[in-house]
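Subject: Structure handover

Hello,

Here is the structure I promised to pass on. Please open it first, then read my notes below.

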Amino acid sequence: MSLPSHLQNNLTPSEINFMAENELITILPRYSMNKIELIGTKVPALRAMRREEIPLWIAVVLKSQDKCSIVPPSWLNLTYLKEKYDEEIRKPLRFSDLPPNWLEVSKILLAKASDDLADPTHQLRSILQDLREIRLVKSRKGLRELNESNIQLNGLSLLEINELRPFVLTVMNKLRLLHDTIAKKDSGDADNVSDDEY
Amino acid sequence: MDIDDILQEFETATSRKETKKTPTTLYDELVVAMVNERMAPELLPFKHELLQKVLAQISNQQQFLLDSHEYGDVNAESGVVTGDFKLQLMIIETDIERINYLIRLYLRTRLSKIDKFTIFYINETADEDPDSKDRLLSSQEQKYMHQHFKILTRLYNNCFLKRLPHTLTLLDDTSGGQSMIVEPDLNQPVFVKSITDKPITISLGEDDELDLVNDGIYVVKYKLVRDYISIGDVVMI
């Protein structure tokens, strides 16, 4: 049909990646280039060795042609991520505040611009994986709190939410339906005592 | 680091503060519209203005590309056309494709909902003013919905409905305590994120309340945040 059912009510990881590619990132151009007018954004005139902020996907294009180097975002380094990791361990009931698309951006940068990162990539990869796993464990534990009306999930990134979504929504929907029948029964109980049998 | 760099950083720092207030490039608006549409259980009002703007921009860009290619062909021999120029054209083309993709996702999601709730939306849009600015469906969607429904009913009739007793052939039968019309379930829980500074208080019924604070992520019933989504204080994720 017009939209396959696996796409309904959920996003695919590649769609989330696609959205993250429009995040602005700072680059250090090696050549000059005229400015480009795009539909979504505007690419300013680039001058060699002058920092500019452009969408990530353009940065990756330029990078693949060796026309710029990418300045990694302030959170993508070992010290900062270690700190966040410790924070995750220290506060078992909270998620540390990483940028909402840390997984996607770090993945793209590690794949396309690994030579611009300050720290060795294998160490970065391993700390990112650690962070991801500890957060995954936490969010799984949090599922115990599911109820029929609402929950709060501050600090989770879009990709992590997306993993939880099918489960959380189905469970909450079922709980809601169960809850509704109880509420109906309560009001109908007055003149119908035989409900006790069930 | 030279003085330019420092100035630059100062500039970006201040400009970022400003842009954070109004993060509304066309691209962002499209993404929000697409994700909202994907996550909402019901059909949201069609974004007439946004789509109009974006489509106009796309045809502008395509015209620009055509002109540039012409320019490139004419000047190919003289060596005026550099690799840089081609790279720029490539980026513009990619940008058009990316926007196209988003629009396609948006429209496909809407079509799938129209397919699902056909009768409901035919009834819903029956007494809408066809010229008003805030119609639920675009005119193409409207046309699609009616024609699709016509074909579908004809198929059903030819295949099996004509052999059934007449009382059982109604597709929009609401008698007998069970409505045959598929309606969107507004009580479905959805993931939302608040993006305004002022906290929003929603009531959960039975004197229970929930405050949505800026940047907070919540799962609540769609019905409760519906109004806030339409004014843009809350986005679905």
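From the N terminus on, chain B runs α-α-α-α-α-α-β-β-β-β-α-β. That makes 7 helices and 5 strands in chain B. Chain B has 237 residues, and 38% of them count as buried. Please keep in mind that this is a predicted model.

**Chain B, residue by residue**

Start with B:Arg110. This residue sits in helix 4 of chain B, which covers residues 83-116. Is B:Arg110 buried or exposed? B:Arg110 has a relative accessible area of 0%, so it counts as buried, the cut-off being under 20%. B:Arg110 can also be set against B:Glu29. In sequence, 81 residues separate B:Arg110 from B:Glu29; in space, their C-alpha atoms are 16 Å apart.

Next, look at the loop between helix 5 (118-124) and helix 6 (139-159) of chain B. B:Thr125 is found there. Its relative accessible area is 4%, so B:Thr125 is buried. The side chain of B:Thr125 makes a polar contact of 3.5 Å with the side chain of B:Gln142.

B:Asp134 also has its place in the loop between helix 5 and helix 6 of chain B. Is B:Asp134 buried or exposed? B:Asp134 is exposed, because its relative accessible area is 64% and the cut-off is over 50%.

One more residue in chain B deserves a look. B:Asp215 is not a glycine, yet it has a positive phi of about 75°. B:Asp215 lies in the loop between strand 3 (209-212) and strand 4 (217-221) of chain B.

**A backbone note in chain A**

Chain A has such a case too. A:Met49 shows a positive phi of about 65°, and it is not a glycine. Where is A:Met49? Its place is the loop between strand 3 (42-43) and strand 4 (52-55) of chain A. A:Met49 has 54% relative accessibility, so it counts as exposed.

**Annotated spans of chain A**

Both spans below come from unreviewed UniProt entries. UniProt lists residues 12-71 of chain A as "domain: DNA replication complex GINS protein PSF2 N-terminal". In the model, this stretch is 28% helix and 28% strand. The C-alpha atoms at the ends of residues 12-71 are 28 Å apart.

UniProt places "domain: GINS subunit" at residues 75-176 of chain A. Residues 75-176 are 64% helix and 2% strand. Their end C-alpha atoms lie 40 Å apart.

**The cavity**

How many cavities of 30 Å³ or more does the structure hold? There is 1. The largest cavity has a volume of about 40 Å³. Its lining is made of A:Pro29, A:Tyr31, A:Ser32, A:Met33, A:Leu46, A:Leu62, A:Lys67 and A:Cys68. By class, that lining has 6 nonpolar, 1 polar and 1 charged residues.

**The second largest pocket**

The second largest pocket has a volume of about 510 Å³. Which elements give two or more residues to its lining? They are helix 5 (121-142) and strand 6 (151-152) of chain A. Helix 5 of chain A gives the most, with 4 residues. The lining has 20 residues, and A:Leu93, A:Phe95, A:Lys138, A:Gly142 and A:Gln152 lie nearest the centre of the pocket. By class, the lining of this pocket has 9 nonpolar, 5 polar and 6 charged residues.

**Cysteines**

A:Cys68, one of the residues that line the largest cavity, has a relative accessible area of 0%, so it is buried. B:Cys159 is partly exposed, with a relative accessible area of 41%.

Best wishes

How values were computed: Residues are numbered from 1 along each chain as its sequence is written. Chains are lettered from A and ligands numbered from 1 in the order in which they are written. This is a predicted model: local features need pLDDT of at least 70, side-chain atom pairs count only at pLDDT 80 or more; totals for chains, interfaces and linings use all residues. Side-chain values use heavy atoms; hydrogens and water are left out. Buried means under 20% relative accessible area, exposed over 50%, partly exposed in between (1.4 Å probe, protein chains only). On a 1 Å grid over the protein atoms alone, a cavity is a set of points where a 1.4 Å probe fits but cannot get out, and a pocket is an open set with protein on both sides within 12 Å along at least five of seven lines; lining residues have an atom within 4 Å of a point. Grid points are joined across faces, edges and corners, and a volume is the space filled by probe spheres set on the points. Ala, Val, Leu, Ile, Met, Phe, Trp, Tyr, Cys and Pro count as nonpolar, Asp, Glu, Lys and Arg as charged, and the others, Gly among them, as polar. UniProt positions are given in the numbering used here, feature names are shortened, and annotations may be inferred rather than shown by experiment. A polar contact is a pair of N or O atoms within 3.5 Å; within protein, one must be able to donate a hydrogen and the other to accept it, and residues adjacent in sequence count only if both atoms are side-chain atoms.
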